[in-house]
Amino acid sequence: MRQRPGDDQPVQTLRWREGRLEMIDQRVLPQRFEYLRYDRAAEVAEGIRAMVVRGAPAIGCAAAYGIALEARALQDAARDAFSAGLDTGFAVLAASRPTAINLFWALKRMRGGWRASQHLPVPDIANILLGEAHEIAAEDIRINRAMGAFGAALLPDGARVLTHCNAGALATAGHGTALGVIRSAVEAGKSVSVIADETRPFLQGARLTAWEMVQEHIPVTLITDNMAGHLMSHGEVDAVVVGTDRVAANGDVANKIGTYMVAVLAHRHGIPFYVACPLSTIDLEVPDGAAIPIEERAADEVTGFGVHQWAAKGVQVRNPAFDVTPAELVTALITEKGVLMKPGRDSIARLFSF
Ligand code: MRU
């Protein structure tokens, strides 16, 4: 049997098993490692919204599989009912989370696959859409490996690399973007260690990045978000590498809330600030960071975590899930086509021309 995308990965965030999508439940890691199963687009959309799966490329892959599942569930229906049902699947997935452009990128690609196969019998369309979802996931791993190789060359041997949130295998189909750079550096024989920001409020750094690095015996030190400046001012950070959810046409970078703070600190201390960014995360239709939609999540993520709620009841809360780092603070974008130093509108546009 042909190997399914990701089958060779140590961490398989999403996998296709017996006609269903399975996703690691990232809400309960690292205490529990378990897969949840999905049969329909609306279920996958809820998994994305609730952050069973999270991280821009992984969200895109999940959405693609959501469409494939919906097409398979509807493949015995008449063509009109199939088309109406699939359109609803697209709409419900598009409404799951607003910031990561990979979600909309993947849905656009799935719609293209549908359009190109529209003349075929409905079961054949469903097969083609599943093939496209597999290809999106397989391509994601290839892209992460390419970015990893380019990014690894930027890190000196012995580098202590601070990262924020989780841009690892769990945030992608495999290998990771920012953590992919670190994995590739380690594979190339470099001795690299990681400083993981805890990443309040959802704790992607403490729960997910730390877990991934511990699994692979890559040295990792966990800090709370407010410790980054102290470590930088004491010369304990050599580089910052983060992922991104959407890069605007001028190079402004949306990523997990707190990234902007890290970028300002890195600039203050002369530390390079790298963003691992597949081309699918660049949105040329958004002129600058101010136009990137920023998701606002539920108050109970800030007043506590899960069932443990510690803030005073009735307090007002803000919970923007992402922030925007201006392009001027970005040392380089690491893409699958190479490293773009000092990214700007013209150099980003050129990336799409070869
Ligand atoms: O809210 P999340 O966990 O989906 O946010 C994830 C991030 O901000 C990641 O840094 C980003 O998606 C890049 S993942 C390769």
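Predicted model: local features only at pLDDT ≥ 70, side-chain atom pairs only at ≥ 80, totals over all residues.
**Surface, cores and a buried helix**

The protein chain exposes about 14600 Å², and carbon and sulfur atoms supply 54% of that; the areas come from the Shrake-Rupley method with a 1.4 Å probe, and for residues only the protein chains shown count as cover. Numbering runs from 1 along each chain as its sequence is written, and side-chain values use heavy atoms, with hydrogens and water left out.

On overall build, the chain has 11 helices and 16 strands, these being DSSP runs numbered from the N terminus (helices H or I, at least four residues; strands E, at least two). Its radius of gyration is 20 Å, which agrees with the value near 20 Å for a compact globule of 354 residues; the radius is taken over C-alpha atoms, and the globule rule is 2.2 Å times the number of residues to the power 0.38. Of the 354 residues, 57% are buried, meaning under 20% relative accessible area with a 1.4 Å probe, protein chains only. Counting contacts (heavy atoms within 4.5 Å) between residues at least 6 apart in sequence, 73% join residues at least 24 apart.

Now for the interior. In soluble globular proteins, nonpolar side chains tend to be buried together. A nonpolar core here is a set of buried Ala, Val, Leu, Ile, Met, Phe, Trp, Tyr and Cys residues joined through side-chain atoms within 4.5 Å. The largest one holds 44 residues, of which L21, I48 and L93 touch the most other members. Elements giving at least two residues each to this core include β1 (14–17), β2 (20–24) and α5 (122–152), and α2 brings the largest share, 12 residues.

Helix α6 (residues 178–187) has eight of its 10 residues buried, so it is largely enclosed by the rest of the structure. R183 and S184 are among those buried residues. After α6 comes G189, with a positive phi near 95°.

Further along, V286 sits in the loop between β11 (282–283) and α10 (300–303) and counts as buried at 8% relative accessibility. Beyond its neighbours within four places in sequence, V286 is in contact with R246, A248, A249, A291 and I292.

Definitions and conventions. Buried < 20%, exposed > 50% of the residue type's maximum accessible area, 1.4 Å probe, protein only.
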